[in-house]
Amino acid sequence: MYLRPTFEEIKDSANRIRVYIHRTPILHSHNIDRIFSAEIYFKCENFQKVGSFKPRGAINAILQLSRESLKQGVATHSSGNFAQAIAYSAQILNIRATIIMPRTSPKVKVEAVRSYGADIIFCEPTLEARESTLNDFVFKSGATFVHPYNDYNVIAGQGTAALELLENNPALDIIIAPIGGGGLISGTAIASKAMNPSIEVIAGEPKRADDAYRSIEAGYIIPSVNPQTIADGLLTSLGDMTFPIIQSLVNRILTVSEDAIISAMKLIFTRLKIIVEPSSAVSLATLLEYPEHFIDKKVGIILSGGNVDIDNLPWYRKTN
């Protein structure tokens with residue numbers, strides 16, 4: 001049996017992190033319902049601390065470290081949102097944080113990490129470079145590595161978003177979250193299936209970064225190699241902890257085009273009047289690409305984050 005958090009541990013995590021995070025709102029738009037002939041509820045993690053769901057897992061993991069470990073500080077590698085989550089968590093707990101970030105990370109996310117007082121070490125934009133730079137730093141400093149997604153306590157913390165969504169909307173037929181490394185969708189699947197065994201759990205993934213889809217089809221992890229998508233938060237490969245959870249509990253992975261991601265962003269901006277980043281819009285993009293699957297269904301969508309560079313919106317970019 002593979003190792004995975006239990007639903008009880010997700011509930012414990014919710015109590016543990018409650019004072020450090022927001023219980024984010026759930027929005028509903030009759031206009032969007034009419035577009036898709038479905039009843040859709042948006043769990044707005046773009047309103048979370050640091051602008052994404054990531055602090056749920058980061059704080060949950062750090063709070064369970066020993067006092068001696070905390071003295072040496074924490075470190076991670078991240079293109080942005082988990083970096084901010086670790087930096088924020090370290091700031092409120094008064095410990096040191098060091099973040100390994102690809103040199104191509106969005107400027108808005110780099111500036112946010114710095115604003116929380118974390119140190120940044122830049123590396124080349126490959127998983128190999130992230131991991132080797134991180135390992136070298138941890139070896140020299142003694143800091144504790146908190147993995148962005150392939151971590152037991154991180155997964156448990158991320159599952160608290162779905163827990164809140166289903167506490168408010170227990171009759172959902174479908175729940176959708178984006179998939180990158182798999183931490184959010186793993187926690188979502190564990191919580192959702194425990195609360196409603198008949199619910200369908202769907203992961204949304206960009207076609208241009210479809211390693212998770214291909215991995216599940218193949219039955220083994222296929223690393224993400226040079227993905228080309230505007231969804232910059234979904235560039236990482238599945239981990240050996242998230243992969244079997246997804247295999248057993250996620251009903252399907254639906255891949256979406258870049259155009260669908262942009263259209264979903266615009267729809268959220270104009271109809272919900274809120275800001276989301278491309279990775280966050282991937283969940284709604286699945287309804288644009290596969291509308292027939294959602295007709296007459298009650299659908300919960302986790303909007304994973306809102307850390308978008310407003311000076312570099314994707315519909316202003318030249319795309320192939």
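Serine 37 is partly exposed, with a relative accessible area of 40%. For the terms, buried means under 20% relative accessible area, exposed means over 50%, and partly exposed lies in between, using a 1.4 Å probe and protein chains only. Before going on, note that this is a predicted model, in which local features need pLDDT of at least 70 and side-chain atom pairs count only at pLDDT 80 or more, while totals for chains, interfaces and linings use all residues. Residues are numbered from 1 along each chain as its sequence is written, and side-chain values use heavy atoms, with hydrogens and water left out.

Back to serine 37. This serine sits in the loop between helix H2 (30-36) and strand S2 (39-44). Helices (H or I, at least four residues) and strands (E, at least two) are DSSP runs, numbered from the N terminus. Serine 37 is not a glycine, yet its phi is positive, about 55°.

Where else does a residue other than glycine have a positive phi? Asparagine 94 does, with phi near 60°. Asparagine 94 lies in the loop between H5 and S4, and is exposed, with a relative accessible area of 71%.

H5 covers residues 81-93, which is 13 residues, and reaches 18 Å from its first C-alpha to its last. That is close to the 18 Å expected at 1.5 Å a residue, where the expected span is 1.5 Å times one less than the number of residues.

Is H5 mostly covered or mostly uncovered? Mostly covered: 10 of its 13 residues are buried. Among them are Phe82, Ile86 and Tyr88, but also Asn81, Gln84 and Ser89. As a general point, an α-helix has 3.6 residues a turn, so residues three or four places apart point the same way. What covers the buried residues of H5 includes helix H3 (54-62), strand S3 (74-77), strand S4 (97-102), helix H6 (107-115) and helix H8 (152-168).

Next, empty space. Rolling a probe the size of a water molecule over the atoms shows where empty space is left. On a 1 Å grid over the protein atoms alone, a cavity is a set of points where a 1.4 Å probe fits but cannot get out, and a pocket is an open set with protein on both sides within 12 Å along at least five of seven lines; lining residues have an atom within 4 Å of a point. Grid points are joined across faces, edges and corners, and a volume is the space filled by probe spheres set on the points.

How many cavities of 30 Å³ or more does a search of the whole structure find? The search finds 1. The largest cavity has a volume of about 340 Å³. Its lining has 30 residues, and those closest to its centre are Phe53, Lys54, Gly233, Leu234 and Thr236. The largest share, 3 residues, comes from H9. By class, the lining divides into 10 nonpolar, 15 polar and 5 charged residues. Here Ala, Val, Leu, Ile, Met, Phe, Trp, Tyr, Cys and Pro count as nonpolar, Asp, Glu, Lys and Arg as charged, and the others, Gly among them, as polar.

The second largest pocket has a volume of about 150 Å³. Of its 13 lining residues, Ala14, Arg18, Ile21, Arg23 and Glu164 are the closest to the centre. Helix H1 (7-17) and H8 each supply at least two residues of that lining. Its classes are 4 nonpolar, 3 polar and 6 charged.

A nonpolar core is a set of buried Ala, Val, Leu, Ile, Met, Phe, Trp, Tyr and Cys residues joined through side-chain atoms within 4.5 Å. In the largest one, with 35 residues, Ile40, Phe42, Leu284, Ile301 and Leu303 touch the most other members. Elements that each supply at least two residues of this core include S2, strand S7 (174-178) and helix H12 (258-272). H12 gives the largest share, 8 residues. A second, separate core of 33 residues includes Ile155, Leu165, Leu172 and Ile185.

Serine 215 is in helix H10 (residues 211-218) and counts as buried, at 0% relative accessibility. Leaving aside residues up to four places away in sequence, serine 215 touches Tyr220, Ile221, Ile222, Leu238 and Phe243, where contact means heavy atoms within 4.5 Å.
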